[in-house]
Amino acid sequence: MQTQTTTLLVIGGGPGGYVAAIRAAQLGVATVLVEAQKLGGTCVNVGCIPSKALIHAADEYDRVRHLAAGDGSGASMGIRTASARIDVAQTVQWKDGIVARLTGGVGALLKKHHVTVVKGWARILDGKTVEVQGEGEAVRISCQNLLLACGSEAVELPSLPFGGKVWSATEALSPERVPKRLVVVGAGYIGLELGTVYRKLGAEVAVVEALERVLPGYDEELTRPVAAALQRMGVGVHLATKVIGMNDAGDAVRVRSAAGKESELGADAVLVAVGRRPRVTGWELERLQLDMQGQFIQIDDRCATSMRGVYAIGDLTGEPMLAHRAMAQGEMVAELVAGRQRRFDPVAIPAVCFTDPEVVVVGKCPPEAGEECLSAAFPFAANGRALTLSAADGFVRVVARRDDHRIVGWQAVGRGVSELCTAFSHSIEMGALLEDVAGTIHAHPTLGEAVQEAALRALGHALHI
Ligand code: FAD
Ligand code: NAD
């Protein structure tokens, strides 16, 4: 068997693993990265990127469809078109092209930085040795530092196992055609992002959620405009409802409401999006006997596991299971391995849900911030730019300490608010006060003026409301 030695061995080429490998190599650390499938991991191949591509395509089609129907904001602007048509196979091809460009880009970056990429499935032998089975002979790699970045996989419901017409997000991202009726199980990130895509592409969509509201991880005020928009779009939302399974004919999902009432929701396809779990089996992780935190690998503020020289990052290590957290952890571990002093201690990790309207949360929401904080919101209905974009729904909200006005949280809901996230993160990470944001000149007319106005409102002197 071939053997290799290296300073840093990374298992997993997702956003956590590939960023760690690039940064380590930049710092002169000999680095090997093992990836069983495609570089870029879940995020680039079957997650963040393809979902956002389909969201954009569905938005564009929906706009044209409304123009053809002579309704919606386009019609009030006087724009008309004769008809709207979408070739979904072409849309999927376009999306695949973006994914291919990005996975190719990750490969090129790794090559440029002289990271050795080994294609194959890694199995742990011990904390310093891994065996990789690719297409040919197995390779044994020994290392001084081992970084685990194996990511996560979709949770399966025993009553609706994946296969056939029961889809995980992966199948939903590459449809052969748009099903006439789609049942979505789970009104979280994936269920609502992709449920909205399918509704805009013309499917009848019913969402089944076990808890009492959509996006239950976010505070209620923020999710209300999302729930209202789903209703306007004609998405059926069944809250406090559990799935029992497919009916005998296999053409409907049987559900039970909290009151115990059973019914059927017709389905040509079913998207199960009830969460993801860390990928901790199938690669003999158990050989390391690491301390665990629930189903996740336990790490400290240096992403060190309970075994010296073994680090873990990304979805393997807990919530929030987001690509930017994985990347930031990966970059830090690379610097630690190169001998730098680092800790993973962000003040806040932003979260964005790309629904229509979008939702952004950075830092603390009012209920969590408690009595020592104040909060103020500014509605997009009072923002000129939002009106010119026909995007008057939603608001920006700031949360700050009462005593010294230090900002501890920002939230927003509205069209395009994902791009405000950068300003939110900067102000929190840099310890900005309400006065700093209120005193900054924001360009006019932009959605960003609502950020300044929220800060002004918290200080008691908003100008445009
Ligand atoms: P992953 O990206 O899962 O990568 C792990 C890699 O390790 C995989 O390529 C896998 O093949 C490889 N691997 C695993 N085990 C082995 C082994 N034994 N040997 C060799 N290789 C192995 N996050 C966001 O921040 N924004 C979004 O908009 C967003 N949208 C999403 C949409 C969907 C539909 C999904 C499913 C997820 C989305 N996420 C989003 C979450 C995001 O994709 C993950 O948080 C992120 O990919 C985690 O990165 P990671 O490096 O930990 O693992
Ligand atoms: P999620 O945790 O966001 O939502 C799952 C939803 O399913 C919850 O509302 C939960 O109450 C509900 N649920 C659980 N069991 C159920 C059942 N038996 N019947 C009905 N409803 C049930 O999970 P997800 O949507 O699968 O996404 C997985 C993860 O991927 C997210 O937590 C996030 O970390 C990541 N992701 C992020 C983005 C983004 O950043 N924009 C987008 C997609 C996915």
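Which helix holds glutamate 193? In this predicted model, where local features need pLDDT of at least 70, side-chain atom pairs count only at pLDDT 80 or more and totals for chains, interfaces and linings use all residues, glutamate 193 sits in helix α7 (residues 189-200). Residues are numbered from 1 along each chain as its sequence is written, chains are lettered from A and ligands numbered from 1 in the order in which they are written, and side-chain values use heavy atoms, leaving out hydrogens and water. Helices (H or I, at least four residues) and strands (E, at least two) are DSSP runs, numbered from the N terminus.

With 6% relative accessibility, glutamate 193 counts as buried (under 20% relative accessible area, with exposed over 50% and partly exposed in between; 1.4 Å probe, protein chains only). Beyond its neighbours within four places in sequence, glutamate 193 has contacts (heavy atoms within 4.5 Å) that include Ser51, Lys52 and Phe354.

Next come the cores. A nonpolar core is a set of buried Ala, Val, Leu, Ile, Met, Phe, Trp, Tyr and Cys residues joined through side-chain atoms within 4.5 Å. The largest one has 38 residues, with Leu192 and Val359 among those making the most contacts inside it. Helix α8 (residues 220-233) supplies the largest share of this core, five residues. Because domain 2 (166-273) and domain 3 (351-458) both give residues to this core, it lies between them; the domain bounds come from an automatic or database domain assignment.

The peptide bond from aspartate 356 to proline 357 is cis, with omega near 5°.
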